[in-house]
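I am keeping this notebook open beside the viewer today. Here is what I looked up, entry by entry.

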Amino acid sequence: MSGDIGSSRTERLSRVDLFVFSSPVILFQAIELAWRTYLPAFFATTLALPIAAVGMLLLAARLFDGLIDPCIGWASDRFPTRFGLRRPWMALGAPLVGLGALGLFWAVPGTGIATLAAWSLVFHLGYTLIATPHGGWGLELSRDAHERVRVMGAKVWVAMAGMIVTLVLPSLLERGFGLGRAAQVGALGAAIVLLAPITVALVLRRIREPDAPSIARVANPFALFAGMLRTREMRRILMLYGLVGMADAAAAGTFLFFVEQALALPGWGSTLMLVQAVVPLVLLPFWARMSRRFGKRRVLLAGYGWQALVAPLALLLPMGGLAALVLWLIARSLVFGVDYMLLRAMVGDITRREVEQGQRWASSRYALFNVTLRLAMGLGVAAALGALGWAGFAPGEPGQADALLTVRAAYALPPTVAALAACILLFRGGEARAVERRDAALAA
């Protein structure tokens, strides 16, 4: 029974409950996919906005996230209601996501940057109202460290499955009907408008919140976050989150330009993104088992090491080489999603220890990491698109040999540098190793 989840958090969640609880991640994946990959190309080509201005718009939206995310996280920890700590916020966010999507995904040529910015604020407010309380809720679902990896693994797995489902429609429009970017973006917008109320309703109806313990009250989110940042373990995970966010956003924001212009494979962008989602569906359960056997830190090191080796090979891919690109995407996807799964599980470990001390700050904890991730994503995509604008890259125009080299670099180098930096941070993580051994001993 799903109602048992709140009263007996040590039990193993059923697969149905795991899927239902993780279902909003399909919505989050669709939003991130659109925001990081499709909307930059849509704004720059269909709406004919300067690419540097597009980068600044994406960064501004992430800065807005950075302002509201801590407040929503703190409020959803601080103010219990008769409906729960998390539920009211998620219910409020669903219609705002749909409203913002209508303004962004069906924008027409001539729409100004100020109008897009206003719709972006509505869209991101709704997104945060759902994502932050849901993230805090997930950190509280189990007392067991390995079960927390399973919960976070399920969320990442569902995200990959959602990415496939989300990409099927644009891919069909691209390859089957030859329709362009505007139709693909409109289809994504329709999916988001439908997913927001459906996935939120599923969670609110089936999954019960854990009973709220007597908790320490903190006057404001800034005092709360200041306390969270005092531990080295927290700061290290935040730095890893930042590296992941900047690298992923830079690569995602330039992916369509990389495939369709730098590699001269027009009409293949959406279809090739499916490759990056299929591989993790098979391998994420394997990596979860490996983390149980070898520890989260060692598996993260393996994943970042592999990324550092494979990512720069994108600079060597031949123009028009579809088979080579597919093989490279498969190789790169072998560790795709492992970092998100294990870093979030590490946050869950910290949250579990706080709950045992009478501190229910899960949404605030999630908000802190979410702010770091989203700001890093905003910086990553703004820097990447800014570099393309500086190099004189013009989307859709032929030639531009020098600018296309910049496109390759903007896609391949950020993940390479981030992976190397992450390996250095993990090698120096003596305190993290001690904490991991302690959590493993408690779980045993």
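**Entry 1: a pair across the chain**

I started with aspartate 17, which forms a salt bridge with arginine 206, and their closest N and O atoms are 2.6 Å apart. For my own reference, a salt bridge is a side-chain nitrogen of Lys or Arg within 4 Å of a carboxyl oxygen of Asp or Glu. I noted that this is a predicted model, where local features need pLDDT of at least 70, side-chain atom pairs count only at pLDDT 80 or more, and totals for chains, interfaces and linings use all residues. Residues are numbered from 1 along each chain as its sequence is written, and side-chain values use heavy atoms, with hydrogens and water left out.

Where do the two partners, aspartate 17 and arginine 206, sit? I found aspartate 17 in helix H2 (residues 15-22) and arginine 206 in helix H8 (residues 181-206), so the pair links distant parts of the chain, 189 residues apart. Helices here are DSSP runs (H or I, at least four residues), and strands are runs of E with at least two, all numbered from the N terminus.

Is aspartate 17 buried or exposed? Aspartate 17 has 5% relative accessibility, so I put it down as buried. Arginine 206 has a relative accessible area of 33% and is partly exposed. My cut-offs are under 20% relative accessible area for buried, over 50% for exposed, and partly exposed in between (1.4 Å probe, protein chains only).

**Entry 2: leucine 202**

I stayed on helix H8, where leucine 202 also lies. At 39% relative accessibility, leucine 202 is partly exposed. Leaving aside neighbours within four places in sequence, I see leucine 202 in contact (heavy atoms within 4.5 Å) with Val20 and Ser23. I also checked proline 24, which is 178 residues away from leucine 202 along the chain, yet their C-alpha atoms are separated by 8.7 Å.

**Entry 3: a network**

How many salt bridges are there by this rule? The count comes to three. Besides the pair in my first entry, I looked at glutamate 32 and arginine 62, whose closest N and O atoms are 2.7 Å apart in a salt bridge. Glutamate 32 lies in helix H3 (residues 24-45) and arginine 62 in helix H4 (residues 51-78), so the pair ties together parts that are 30 residues apart in sequence.

Arginine 62 also meets aspartate 65 in a salt bridge, at 3.8 Å from N to O. These two are three residues apart in helix H4, so about one helical turn separates them. Glu32, Arg62 and Asp65 are therefore written down as a linked network of salt bridges. Aspartate 65 is buried at 0% relative accessible area, arginine 62 is buried at 2%, and glutamate 32 is buried too.

**Entry 4: two helices crossing**

Next I looked at helix H10 (residues 232-262) and helix H11 (residues 269-294), whose axes come within 10 Å and cross at roughly 115°. Axes are lines fitted to C-alpha atoms, for helices over the stretch in contact, with angles from 0 to 180 degrees between N-to-C directions. Phe255, Leu256, Val259 and Glu260 of H10 make the contact with Gly269, Ser270, Leu272, Met273 and Gln276 of H11.

**Entry 5: the whole protein**

Last, I zoomed out. The protein has 17 helices and zero strands, and buried residues make up 61% of its 444 residues.
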